[in-house]
Structures are given as structure tokens and as C-alpha cells.
Amino acid sequence: MVILKTVSELAVMREGGKIASGALELAGTLCKSGVTTGYISNKVREYIEKRNARPSFLGYNGFKGSACISVNDEVIHGIPGKRMLADGDIVSVDIGAFYKGYHADNAYTFKIGSVSSQAEHLIKITKKSLEAAINMAMMGYRLGDISNIVQSTVEREGYSAVQDYVGHGIGRKLHESPEIPNFGKAGKGIRLVRGMTLAIEPMINAGKHDIYVDRDGWTVKTKDGSLSAHFEHTVAITDNGPAILTINN
């Protein structure tokens, strides 16, 4: 069941979204050669907790970090730890904040120093696909319109949308209905209505869409070893069009 949010609930989610967004911005400043993923996660936790919120992912189904930090061929759910970032890496950081009973979720892929032209382009197109998807988050449109624009945007460039993991509704629970695939047919799926809150998150591989879960039970990697990028915003469907809740301003 899709849970619609009231104006007052959206206001709370927007405040939580600012916290999640601010934490993601902080993580971006820390993504440098020689910095460990565990250090970044710890700083994210400090930032969120100082604002009377808590990291959405910490302890979620046993996850041990306050951010998912996925490097190069890691798609999502990378466990922060002793891994040290290096020049040329691309790093997808996914952060959620739970504030006054509601979650907000966002992600961004950062570049460490000088990266390859392929990495640059993959990041550019993945971000572009999220922007295109948000533009489809309009009252009266259908869920498939969001899914299809992501798929068509990335496949046009020779990339692949991950199919085994999807975006999701969000609110009092981190994962609510509906699921939001990054592939599908335009004009299909449920109709978008006022009060829906969606975590739209293209996960895009430079190679094929096939993935596998590493031995740690969490980290999702591309099966062919290709690079992967991940961008995400929490978005509300409103009378005035899509409202991005994960913006720190």
C-alpha cells in the first residue's frame, strides 16, 4: 500500500532531507585519496546525530555503517571500513537520515582526483538520468514513466540499469511501496498522486546489468567488473510538480 503524506509530514521530511543532504555534502568533502571509508562513515554519523537525527542505515538489518560507500565496480551497499580511497576511484555514497519519525535518503557518486574518461561520462549520464526521472515525478504521470526515462537515458549511451535492485517509497519506513525500477515501459504502472514520496535512485553500470553480492553478504558488485555509479534523491509529488526533499538549503 502506498502511504500518502500530508503537508505537515512533508515539512518534517524536508527537514530530515536537509540533514541527509548535508551529511552527503560532508562525505563529498572527505572523499579524498588516503581517506578510509570507515572514517567517512564515522563523520557522517557525527554530523547526523548532532542534528538530533540518526543514520537510517546504521543497524538496518545488521548493517554496520552509517553510510553505504561503494567503490568502482561496487554498485551499492558497500560496508565502510579500512579501505583507503585512491586517485582514480569513483565512490558512490548513499546516506539516509531518520528525523522525527521519518526517513530521507540520497546518494551521489564522487570522483577521487583524476578519473578515466569513461568514469567521467558514466557519472555524468547517471546523474542526467536521475534529473530526467525527477522531471517525470508529476501528478498524473505513471511510475513506468520514471522507470523508462532512466533506462532510455542510459542505454542510449551504451550503459545498463541494474535490474535486481530498485528505488522505493519512503516515509516512516525506509522502504515503503511502491518499488521504482530503473527500467520499464512508459505509461505503465500506478499513477502518481499528490503526497507520494519516492526515493528515486538510478544504479547504472558501464557494462552489463548483471550483479552479484560479495562474500560479506552486503556489497553488490558488477558481474563483469565494470564501473558503476549511483545517484538518488527523495522526491515528493505535489500540486506544483516534483519537490526534491533532500536539498540542504
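Me: How many helices and strands does the secondary structure of the protein come to?

Reply: Helices (H or I, at least four residues) and strands (E, at least two) are DSSP runs, numbered from the N terminus. In this predicted model, the protein has four helices and 15 strands. Residues are numbered from 1 along each chain as its sequence is written. Because the model is predicted, local features need pLDDT of at least 70 and side-chain atom pairs count only at pLDDT 80 or more, while totals for chains, interfaces and linings use all residues; side-chain values use heavy atoms, with hydrogens and water left out.

Me: What share of the residues in the protein is buried?

Reply: Buried means under 20% relative accessible area, exposed over 50%, and partly exposed in between (1.4 Å probe, protein chains only). Buried residues make up 53% of the 249 residues.

Me: Which residues have the most contacts inside the largest nonpolar core?

Reply: In soluble globular proteins, nonpolar side chains tend to be buried together. A nonpolar core is a set of buried Ala, Val, Leu, Ile, Met, Phe, Trp, Tyr and Cys residues joined through side-chain atoms within 4.5 Å. The largest one here has 30 residues, and those with the most contacts inside it are Leu122, Ile146, Leu198 and Ile200. The elements that give two or more residues to this core are α3 (117–135), α4 (143–155), β9 (197–200) and β14 (233–238). Helix α3 gives the most, with eight residues. A second, separate core of 25 residues includes Ile40, Ile48, Ile69 and Ala97.

Me: With which residues is Leu198 in contact, leaving aside its neighbours within four places in sequence?

Reply: Contact means heavy atoms within 4.5 Å. With those neighbours left aside, the partners of Leu198 include Ile146, His168, Pro178, Leu192 and Val235. Across the protein, residues 24 or more positions apart account for 70% of the contacts with a separation of 6 or more.

Me: Where is a cis peptide bond found?

Reply: Most residues other than glycine have a negative phi, and most peptide bonds are trans. Here a cis peptide bond joins Ser177 and Pro178, with omega of about 5°. Pro178 is found in strand β8 (residues 176–180).

Me: Is Asn52, with its positive phi, buried or exposed?

Reply: Asn52 has a phi near 60°, a positive value in a residue other than glycine. This residue lies in the loop between α2 (37–49) and β1 (54–55), and at 68% relative accessibility Asn52 counts as exposed. Asn72 also has a positive phi of about 60° although it is not a glycine. Asn72 sits in the loop between β2 (68–71) and β3 (74–76) and is buried, with a relative accessible area of 17%.

Me: Where is the place of Thr222?

Reply: Thr222 is in strand β12 (residues 220–222) and counts as buried at 1% relative accessibility. Leaving aside neighbours within four places in sequence, Thr222 is in contact with residues including Asp73, Val75, Tyr212 and Leu227.
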